Amino acid sequence: MIGIRWFHIADLAFNDLYLLGYKNMARLFLDQPLSMPQDKLVKFNENIANAYKGGVGLNYLKNYLEDGQIVDQSIKDFYTQNYLKYTTSKNYEKTLNTLAPKNVDWFFMDYVETNKKIDFKIKSVKKTKDTLEVTIKNRGNNAMPVSLFGLKNKEVVSKTWVMGIEGTKKVKIARNGIRKLVLDYEQNIPEVNRRNNYKNLKWILNKHIQFRLFQDVADPKYHQKFFIPEIEFKVYDGFTIASKFYNKSIIRRNFVYRISPAYGFKSRKLLGSASISNRHQVAEHGLYQIQYGINGSMFSYAPDLLFKRFSSSFNFRYRPEDLRSNKRQSLNFRNIYVFREKDEENPVVTPNYNVFSTRYRYSDFNLTNFLGYNINYQISKNFSKLSTTINYRKLFLN
């Protein structure tokens with residue numbers, strides 16, 4: 001369809017949608033190991049994410065072993081040997097080890113038994129006349145291998161498998177006129193972030209900058225910037241024309257920014273707003289996420305008078321070890337500052353103000369028992385306020 005086919009999501013194959021689902025669960029720290037029993041999996045992992053990760057893992061193995069027949073034969077042998085028997089991934093590991101010419105312990109230790117995130121990055125490149133010394137950083141805490149490709153005019157010149165990357169590792173490859181280095185060029189590894197897999201040897205930027213109208217699925221081949229034109233009417237600014245620039249894609253990112261410069265035709269002033277926020281995943285459960293950010297805006301509140309609003313916040317989120325539980329807790333700290341320009345002839349009665357608030361929220365939303373409450377405390381120069389809200393619902397059989 002014209003208009004739809006321009007979006008990158010229209011270029012994706014059907015199976016790529018499963019990657020988006022799995023990647024979203026991984027970025028939310030809701031993914032679970034392949035070896036976990038099904039009665040402990042959340043519904044999305046049971047139906048979609050884990051099945052996808054298992055299938056991609058077998059393709060990952062085929063690509064690593066550079067012989068697809070080995071994996072196919074190991075599955076046939078495993079099925080024959082364990083037909084109508086209780087079995088585990090350990091039994092398949094023994095079967096595969098008898099056929100594999102390379103070490104595959106990493107696949108079972110890190111890929112099957114854990115939900116460790118996979119994220120490799122080309123940190124730096126040192127060039128000599130005949131070789132390239134590439135430093136690869138493993139941003140996860142696993143021992144999985146990754147393929148390093150050398151490209152020249154979009155053609156693959158070399159391919160090297162790099163093993164045992166703990167922290168960083170240096171590898172030397174022949175130069176062979178290589179113009180670009182790419183990790184996992186064939187995209188066989190379910191990485192949570194593919195945007196840092198590129199290194200351009202002939203240009204300052206590793207990837208071209210691409211501007212996209214409206215929100216889309218991120219394309220790791222480009223530095224993408226999304227934008228939306230905006231036209232609004234405000235009493236004192238008149239018609240304002242603006243454009244919102246941001247990096248938030250359909251799949252959640254940890255670091256998000258939004259910049260919205262605007263111009264008021266009546267006030268003839270530069271206006272707008274901006275915000276920056278970042279999520280930091282701490283652990284699997286307990287205090288599992290910290291989010292912090294700042295935002296600000298500036299518009300007119302009277303003829304030729306501007307107001308400026310600034311806000312900063314810290315948010316701590318908690319959850320239990322059992323991901324199937326709906327219990328959630330959060331502790332939020334926020335500070336809001338509002339400043340207004342003064343008119344000496346007609347001073348504003350309401351003063352500028354600064355309010356600090358802290359809020360604790362608990363929720364356990366289920367079908368038959370629904371409970372949630374929050375406690376909020378605000379303090380300013382002239383007042384303090386304590387409030388609470390409680391929601392409870394009980395469904396009976398009748």
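This report walks through a predicted model of one protein chain, from its overall build down to single residues.

## Overall build

Start with the inventory: the protein chain contains 5 helices and 18 strands. Along the principal axes, its C-alpha atoms fill a box of roughly 90 × 70 × 45 Å. The radius of gyration comes out at 27 Å, whereas a compact globule of 398 residues would sit near 21 Å.

How much of the chain is buried? Of the 398 residues, 39% are buried. As for contacts with a separation of 6 or more, 48% of them link residues 24 or more positions apart.

## Surface and charge

The protein chain exposes about 23,700 Å², and carbon and sulfur atoms supply 56% of that area. On the charge side, there are 64 positive and 35 negative side chains. The centres of those two sets lie 4 Å apart.

## Helix α1 and what follows it

Helix α1 covers residues 16-27, which makes 12 residues. From first C-alpha to last it reaches 17 Å, close to the 16 Å expected at 1.5 Å a residue. Its buried residues are L19, L20, G21, Y22, K23, M25, A26 and R27, so a lysine and an arginine are on that list under the cut-off of 20% relative accessible area. The cover over these buried residues includes helix α2 (43-65) and strand β12 (269-281).

T95 has its place in helix α4 (residues 89-97). Is T95 buried or exposed? Its relative accessibility is 6%, so T95 counts as buried. Setting aside residues up to four places away in sequence, T95 touches S74, D77, F78 and Q81.

Helix α5 (residues 105-112) is mostly covered, with 6 of its 8 residues buried. Those buried residues are W106, F107, F108, D110, Y111 and V112. They pack against α2 and α4.

## Two non-glycine residues with positive phi

E66 is not a glycine, yet its phi is positive at about 55 degrees. You'll find E66 in the loop between α2 and α3 (68-82). Its relative accessible area is 55%, and that is why E66 counts as exposed.

D304 is also not a glycine, and its phi is positive at about 60 degrees. Here the loop is the one between β13 (286-302) and β14 (305-319). With a relative accessibility of 58%, D304 counts as exposed.

E113 lies in the loop between α5 and β1 (120-127). Its relative accessibility of 32% falls between the 20% and 50% cut-offs, so E113 counts as partly exposed. Which residues is E113 in contact with, leaving aside its neighbours within four places in sequence? They are P33, S35, S89 and F108; F108 is also one of the buried residues of α5. E113 and M36 are 77 residues apart in sequence, but their C-alpha atoms are 7.9 Å apart in space.

E284 is in the loop between β12 and β13. At 32% relative accessibility, E284 counts as partly exposed. E284 and L28 are 256 residues apart in sequence, with 10.0 Å between their C-alpha atoms.

## N335 in strand β15

N335 is found in strand β15 (residues 327-340). Its relative accessibility is 23%, so N335 counts as partly exposed, given that buried means under 20%. Leaving out neighbours within four places in sequence, N335 has contacts with F310, S311, S312, N354, V355 and F356.

How far apart are the C-alpha atoms of N335 and D39? They are separated by 43 Å, and the two residues are 296 residues apart along the chain.

Terms used: Residues numbered from 1 in each chain as written. Predicted model: local features only at pLDDT ≥ 70, side-chain atom pairs only at ≥ 80, totals over all residues. Heavy atoms only, no water. Helix = DSSP H or I, 4+ residues; strand = E, 2+ residues; numbered from the N terminus. Rg over C-alpha atoms; globule rule 2.2 N^0.38 Å. Buried < 20%, exposed > 50% of the residue type's maximum accessible area, 1.4 Å probe, protein only. Contact = heavy atoms within 4.5 Å. Areas by Shrake-Rupley, 256 points an atom, 1.4 Å probe, with all protein chains shown as cover. Lys, Arg positive; Asp, Glu negative; His and termini not counted. Charge placed at Lys NZ, Arg CZ, Asp CG, Glu CD. Expected span 1.5 Å × (residues − 1).
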